[in-house]
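Reader: Could you walk me through this one, with the cut-offs spelled out as we go?

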Amino acid sequence: MAMNPIPYGKQYINQEDIDVVVKALTAEFLTQGPAIKQFEDEFAAYVGAKYAVAVSNGTAALHLCAMALDVNEQSNVITTPITFAASANCVKYCGGKVTFADIDPETATLDINSVRKLLESHPRGTFSGIIPVDFAGYAVNLEAFRKLADEYGLWIIEDACHAPGGFFVDSKGVKQYCGNGMYADLAIFSFHPVKHIACGEGGMITTNDEALYKKLLIYRTHGITKDAVLMHENHGGWYYEMQELGYNYRLTDFQAALGSSQLKRADEGLAKRRQIAQTYDKAFAGTKVTPLEVHKDGGNAYHLYVVKVADRKGLYDYLRTNQIFAQVHYIPVHTLPYYKGLGHKKGDFPNAEAYYDQCISLPMYPTLTNEEQAFVINKVLEFVNG
Ligand SMILES: Cc1ncc(COP(=O)(O)O)c(C=O)c1O
């Protein structure tokens, strides 16, 4: 039987989501209304953080974090080459320098030993922060990164775009959820349709640091405050002060309402993703298809299901001819022309480059049916065994 095209990821919008958005469209506020704070409070509770700031997308979230941590022309920030370019770009927006460190080949996340080597081989004070990425949904061990960061006086922004609901287990046996603010200064999420929670476009910053939270609220809306306590003068009810150079990075109320509605089903979606991953794991055990290593304790949030194969291009093309639209995550950021222009070059990070040559993300989303998944598995194995 012919299959409909199968993408690598897609949103799940149900009637409840539609009803909530329609209601939000007829509410008093389309933007800057109560749906924003509601979504922020619900999201903060979901990840276990004290504060959350909703923004227009994940890239805006990263930019505001970099601003709040005073990234400037003197800053040098470490991140992974295996991520979406935005994880690095936020440093460039603020005039800083990006330094990449190689990945752990098993998980494809930033390798703490490479970061340690980098720190040890440069004068103290060279670096200002680290941006680890919970790549594909694998929650990075931030307890270990925090320890290292503290030794060198660095801040941490956790790029948790792939991992709402993901966790790692810390040295005390406690589950530490992505974005809970326990070890990172700030964490960011994206609500692009392929992510766990879809707002069309949307993003969130979470933190336990009140001072950073207050800065973010002001930067999100032009650097303007109406808080009488913060203002230098007050001319009357209309008065506001622009105290910083900020942006308009606001989310609308109807997007926030959609986010709140989606959040209600986040755990359901996560359970489905983990079930799909288990089915893939079983099917590929003992074959020429190698899945990335994941948390043995079940903490992977599976934004993506990545496997490594010898002939990645061949498999990608073969799947496309069968209407399966797998994807590649990611082209190493240091090899993108913009970053090459800044002096980075192919050959700099062998693990990241070897990973890139072999990686492919197979379809992974809550509404993928058993039949569709069986078809995908069948086609993958047909190709690698062929
Ligand atoms: C790891 C990572 N960081 C940042 C972003 C940027 O998020 P957005 O697309 O919402 O701007 C993405 C989304 O593609 C991402 O995957």
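What follows is a short exchange about a helix, a sheet and some cysteines.

Reader: Before we start, what kind of model is this, and which pLDDT do local features need?

Author: It's a predicted model, where side-chain atom pairs count only at pLDDT 80 or more, totals for chains, interfaces and linings use all residues, and local features need pLDDT of at least 70. Residues are numbered from 1 along each chain as its sequence is written, and side-chain values use heavy atoms, with hydrogens and water left out.

Reader: How far apart are the end C-alpha atoms of helix α9?

Author: Helices here are DSSP runs (H or I, at least four residues), as strands are (E, at least two), numbered from the N terminus. The expected span is 1.5 Å times one less than the number of residues, so the 19 residues of α9 (residues 266-284) should span 27 Å. That agrees with the distance between the end C-alpha atoms, which is 27 Å.

Reader: Within what arc do the buried residues of α9 fall?

Author: Buried means under 20% relative accessible area, exposed over 50%, and partly exposed in between (1.4 Å probe, protein chains only). In α9 the buried ones are Ala266, Gly269, Leu270, Arg273, Ile276, Ala277, Tyr280 and Phe284. They line one face of the helix, because down its axis (taking directions from the axis to the C-beta atoms) they fall within an arc of 125 degrees.

Reader: And which exposed residues sit on the face of α9 turned away from its buried side?

Author: Remember the geometry: an α-helix has 3.6 residues a turn, so residues three or four places apart point the same way. On the face turned away from the buried side, α9 carries Glu268, Gln278 and Lys282.

Reader: Which strands of the sheet does α9 touch?

Author: The sheet is open, with three strands in the order β13-β14-β16 and antiparallel pairing (a pair needs at least two DSSP bridges). β13 and β16 are at the edges with a single partner strand each, so one side of each has no neighbour in the sheet. α9 packs on this sheet at about 15 degrees to the direction of β14 (axes are lines fitted to C-alpha atoms, for helices over the stretch in contact, with angles from 0 to 180 degrees between N-to-C directions). Counting contact as heavy atoms within 4.5 Å, the strands it touches are β13, β14 and β16.

Reader: What do the buried residues of α12 pack against?

Author: α12 (residues 350-358) runs at about 50 degrees to β16. Its buried residues are Ala352, Glu353 and Tyr355. What they pack against is β14 and β16.

Reader: Which residues does Ser260 touch, not counting those up to four places away in sequence?

Author: Ser260 belongs to helix α8. With 10% relative accessibility, Ser260 counts as buried. Its contacts are Gln38, Phe39 and Glu42.

Reader: How many disulfides does the rule give?

Author: A disulfide is counted when a pair of cysteine sulfur atoms lies within 2.5 Å. For Cys178, the closest cysteine sulfur is in Cys161, 11 Å away and too far for a bond. Cys199 also has Cys161 as its closest, at 12 Å, again too far for a bond. By the rule, the disulfide count is zero.

Reader: Last one: what relative accessible area does Cys199 have?

Author: Cys178 counts as buried, at 2% relative accessibility. Cys199 is buried too, and its relative accessible area is 4%.
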